[in-house]
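Here's a quick tour of how two chains pack inside and against each other. Have a look at the model first, then read on.

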Amino acid sequence: MQASPKLEVIDLACERGDHRLFSGLSFTLSGGELMQVQGENGKGKTTLLRALCGFVQPVAGAVHWCGRNVEEWDEDFHAQTCYLGHLNAIKDELSALENLLLTAGLSGVQLGEKAALDALRRMGLRRKEHLPVRVLSQGQRRRVALSRLLVVDAALWILDEPLTALDVGAVDLMQELIGEHLSNGGMTIFTTHQPLHVAGIETRELLLS
Amino acid sequence: MSRLSVFGLLGLVIRRDLLLAMRRRADVLTTLIFFVMVVSLFPLGVGPEPDMLRKMAGGVLWVAALLASMLSLPRMFSADHIDGTLEQMMLAPQSLTIMVLGKIVAHWMLSGLPLVLIAPVLGLQFDMPADAIGVLMLALLLGTPVLSMIGAVGAALTLGLRGGGVLVSLLVLPLTIPVLIFGAGAVEAVSGGMDAASNLSLLGAFLLFALVFSPFVAAQALRISME
């Protein structure tokens, strides 16, 4: 992780189809900051997050990471981000443990079984580690997906509706995890329709309209 | 952050796909059973004269292998696309081309390799001589990976399209004609008392060519499909 990571969005504009979602969007996010993207359905929250990841090509503007365009960073930028979208990216046929080990492996993290088990237990999946994910509930699947945040050492968390299907206890846990991540100098940008408060951190709000 | 070496990543992707296939064995068996069925239908359809069967054996086996390998192509990337794993693969700080190559190798091990192994049994059904069976296996061993590689490009291009399953066959089958010609040609050459070396060399050349270009092209096609 770099000393002071910084994400700059400069005059960004995105379209879907022929429809302009947003334009002239600029903001800077530094280490230790939390940003919530707000807006009604269809205002481009997910598109913005996907543009940050590079899935969506912006029509205009640029995304800079530590002063350099992310297109120049390429894989090195990806090494410092962890994206969690609407899809959990977990396999029904595999157990929670196998899923975590494989997704971590694909992200370039060589993870020991012990560390993976610890992460899953932290996410409240004790005794569910070896069950095939297919028998878990939606909330538990989401927890499996979220456990990736614990094992991937990324400075920038991009979370699209991370609280979907989570119960009250898990929402508290997420707030705690984001708090820890921020105090370690990381940054988080997320969307949610549920309230999410991290103790001691002021949530910056970005309204897409 | 520690990164995997190229071979470490390749091994991880192959292991992952094989593990998934082992948990869902039906998919692997359908390809194999389809191959056996199509080949077995020919003697029933054209009559059991040994001379004729021996003559058409190579072509029949190759066409059946071509069709069988099309069966599993639509699934190559679609499962990963639907559950979001493909997004994560693209975000990984590692080469997508290598991951695609891993998926191609796994696909071949699950859909191409079983065909190579069962081909001699089906060859006997057509009363093929031993040396022709040997060449058939060798030709399939060189040719079926090419089918997986060309197929990967087609599967990546049609990802997420409605009716993509049929479309990928229509897209890929014409491109596999050279493999069919030289694969069946190798068997025919041996049956006719000639040397199969030139046909096999050309199949080997296709294999090398596809190995170099197809993972990269398929990875680019995936990026386009994801937008």
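A nonpolar core here is a set of buried Ala, Val, Leu, Ile, Met, Phe, Trp, Tyr and Cys residues joined through side-chain atoms within 4.5 Å. Keep in mind that this is a predicted model.

With that in hand, start with the largest nonpolar core, which has 108 residues. Its members that touch the most others are A:Trp65, A:Leu156, A:Ile189, B:Phe35, B:Phe77 and B:Met128. Helix H7 of chain B (residues 130-157) is the top contributor to this core, giving 14 residues. Another core sits apart from it, with 38 residues, including A:Leu34 and A:Met123.

Zoom in on B:Phe35: beyond its neighbours within four places in sequence, its contacts are B:Leu61, B:Ala64, B:Ala65, B:Ala68, B:Leu115, B:Ile118 and B:Leu122.

Now for the chain A and chain B interface:

| Item | Value |
|---|---|
| Residues in contact | 29 of chain A, 30 of chain B |
| Area buried between chain A and chain B | about 2800 Å² |
| Part of that area from carbon and sulfur atoms | 58% |
| Salt bridges between chain A and chain B | 5 |

On the chain A side, A:Phe55, A:Lys91 and A:Leu106 lose the most area to chain B, together 26% of what that side buries. A:Lys91 also pairs up with B:Asp80, their side chains forming a salt bridge at 2.5 Å, N to O.

Which residues make the nonpolar surface patch of about 700 Å²? They're B:Leu208, B:Phe209, B:Leu211, B:Val212, B:Phe213, B:Phe216 and B:Val217. B:Phe213 belongs to helix H10 of chain B (residues 197-226), and B:Phe213 counts as partly exposed because its relative accessible area is 43%.

Technical notes: Residues are numbered from 1 along each chain as its sequence is written. Chains are lettered from A and ligands numbered from 1 in the order in which they are written. This is a predicted model: local features need pLDDT of at least 70, side-chain atom pairs count only at pLDDT 80 or more; totals for chains, interfaces and linings use all residues. Side-chain values use heavy atoms; hydrogens and water are left out. Buried means under 20% relative accessible area, exposed over 50%, partly exposed in between (1.4 Å probe, protein chains only). Helices (H or I, at least four residues) and strands (E, at least two) are DSSP runs, numbered from the N terminus. Contact means heavy atoms within 4.5 Å. Patches are made of residues with over 30% relative accessible area and no salt bridge: like charges are joined within 9 Å, nonpolar side chains (Val, Leu, Ile, Met, Phe, Trp, Tyr) within 5 Å. Accessible areas come from the Shrake-Rupley method with a 1.4 Å probe; for residues, only the protein chains shown count as cover. A salt bridge is a side-chain nitrogen of Lys or Arg within 4 Å of a carboxyl oxygen of Asp or Glu. Buried area is the accessible area (1.4 Å probe) that two parts lose on being put together, summed over both.
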